[in-house]
Amino acid sequence: MHIATADPGTPDIAALLSEHLEDMHATSPACSVHALDVERLRAPHVSFVAARDDAGALLGVGAIAVIEPGHGEIKSMRTAGDQRGRGVATAVLDHLLGRARELGLSRVSLETGTAEPFHAAHRLYERSGFTECGPFAGYALDPFSRFYTRSL
């Protein structure tokens with residue numbers, strides 16, 4: 001597996017991100033969907049990466065956004081459906097945490113959903129040292145959102 005900076009507008013990546021947004025809207029009301037679209041993932045404060053296999057097939061994606069000095073947010077974590085359970089998300093998350101350190105961040109937080117389809121993500125984040133926290137960076141308490149944070 002190779003993880004590197006990528007353009008979220010690359011066709012296979014854009015398709016995976018579109019699938020991600022569709023799933024978010026299927027499990028949460030629109031006002032509770034905080035996933036970023038392609039253009040917002042291209043913002044200068046966002047580092048976006050893609051994981052690919054040796055043949056170049058897309059395995060998964062993720063991003064880290066600097067939200068204030070010393071604090072970043074994990075965004076748009078998504079593993080291709082046929083790759084789930086193979087460690088892609090763990091590898092992408094580890095890569096993003098390394099990028100956060102390179103950026104000089106001391107804390108990384110994230111928002112995710114609460115419905116059953118998000119339970120695997122909860123386990124991933126908890127295994128990676130994240131603990132539940134309250135809303136951050138303008139988020140509000142929401143029954144469809146769960147918040148995590150960890151120090152680096």
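This is a predicted model: local features need pLDDT of at least 70, side-chain atom pairs count only at pLDDT 80 or more; totals for chains, interfaces and linings use all residues.
Seven strands form an open sheet with mixed pairing, in the order S1-S2-S3-S4-S5-S7-S6. Strand S1 (2–5) and S6 are the edge strands, and each pairs on one side only. Neighbouring strands of the sheet are turned by 30° against each other on average, with direction ignored. S2 pairs with strand S3 (residues 58–68) in the antiparallel sense, over 7 bridges. Within this part of the sheet, Ala-51 has Gly-60 in S3 as its bridge partner.

Helices pack on this sheet. H1 touches S2, S3 and S4, and the direction of H1 makes about 100° with that of S4. Helix H3 (residues 88–102) lies across S1, S2, S3, S4, strand S5 (107–113) and S7. H3 runs at about 30° to S3.

Nonpolar side chains tend to be buried together in soluble globular proteins. In this model, the largest nonpolar core has 19 residues. Ile-74, Met-77, Leu-93, Tyr-125 and Phe-130 touch the most other members. At least two residues of this core come from each of S2, S3, S4, H3, S5 and helix H4 (119–127). H3 gives the most, with 6 residues. Leu-93 illustrates the contacts. Leaving aside neighbours within four places in sequence, Leu-93 is in contact with Ile-74, Met-77, Leu-124, Tyr-125, Ser-128 and Phe-130. Another core, of 14 residues, lies apart from the largest one. Its members include Leu-36, Val-38, Ala-50 and Leu-58.

Tyr-125 also takes part in ring pairing. The structure holds 5 aromatic pairs. Tyr-125 and Phe-130 form an edge-to-face pair, at 5.8 Å centre to centre and with 70° between the planes. Both residues of this pair, Tyr-125 and Phe-130, are buried. Tyr-125 and Tyr-148 form a tilted pair, at 6.0 Å centre to centre and with 50° between the planes. Tyr-125 lies in helix H4 and Tyr-148 in strand S7, so this pair ties together parts that are 23 residues apart in sequence. Relative accessible area is 6% for Tyr-125, which is buried. Tyr-148 counts as buried at 0% relative accessibility. Ring pairs link Tyr-125, Phe-130 and Tyr-148 into a cluster.

Thr-112 contacts two of these tyrosines, Tyr-125 and Tyr-148. Thr-112 is found in strand S5. This residue is buried, with a relative accessible area of 9%. Not counting residues up to four places away in sequence, Thr-112 also touches Phe-118, Ala-121, His-122, Phe-144, Ser-145 and Arg-146.

Charged side chains form a further set of links. The count comes to 8 salt bridges. Asp-12 and Arg-52 meet in one of them, at 2.7 Å from N to O. Asp-12 lies in helix H1 (residues 11–27) and Arg-52 in strand S2 (residues 46–52), so the pair ties together parts that are 40 residues apart in sequence. Both ends of this bridge are partly exposed. Asp-12 has a relative accessibility of 31%. Arg-52 has a relative accessibility of 22%. The side chains of Lys-75 and Glu-73 meet in a salt bridge at 3.6 Å, N to O. Here, both Lys-75 and Glu-73 are buried. Arg-146, a contact of Thr-112, meets Glu-132 in a salt bridge at 2.8 Å, N to O. Arg-146 lies in strand S7 (residues 145–151) and Glu-132 in strand S6 (residues 131–133), so the pair ties together parts that are 14 residues apart in sequence. Salt bridges that share partners also join Asp-7, Glu-39 and Arg-42 into one network.

Backbone geometry is considered last. Most residues other than glycine have a negative phi. Ser-76 has a positive phi of about 55°, although it is not a glycine. Ser-76 lies in strand S4 (residues 71–79). It is buried, with a relative accessible area of 6%. Ala-137 is not a glycine either, and has a positive phi of about 45°. Ala-137 is placed in the loop between S6 and S7. At 55% relative accessibility, Ala-137 counts as exposed.

Terms used
Residues are numbered from 1 along each chain as its sequence is written. Side-chain values use heavy atoms; hydrogens and water are left out. A salt bridge is a side-chain nitrogen of Lys or Arg within 4 Å of a carboxyl oxygen of Asp or Glu. Helices (H or I, at least four residues) and strands (E, at least two) are DSSP runs, numbered from the N terminus. Buried means under 20% relative accessible area, exposed over 50%, partly exposed in between (1.4 Å probe, protein chains only). Two strands pair if DSSP finds at least two bridges between them. Axes are lines fitted to C-alpha atoms, for helices over the stretch in contact, and angles run from 0 to 180 degrees between N-to-C directions. Contact means heavy atoms within 4.5 Å. A nonpolar core is a set of buried Ala, Val, Leu, Ile, Met, Phe, Trp, Tyr and Cys residues joined through side-chain atoms within 4.5 Å. Rings of Phe, Tyr and Trp (its six-membered ring) pair if their centres lie within 6.5 Å; planes under 30 degrees apart count as stacked, over 60 as edge-to-face and the rest as tilted.
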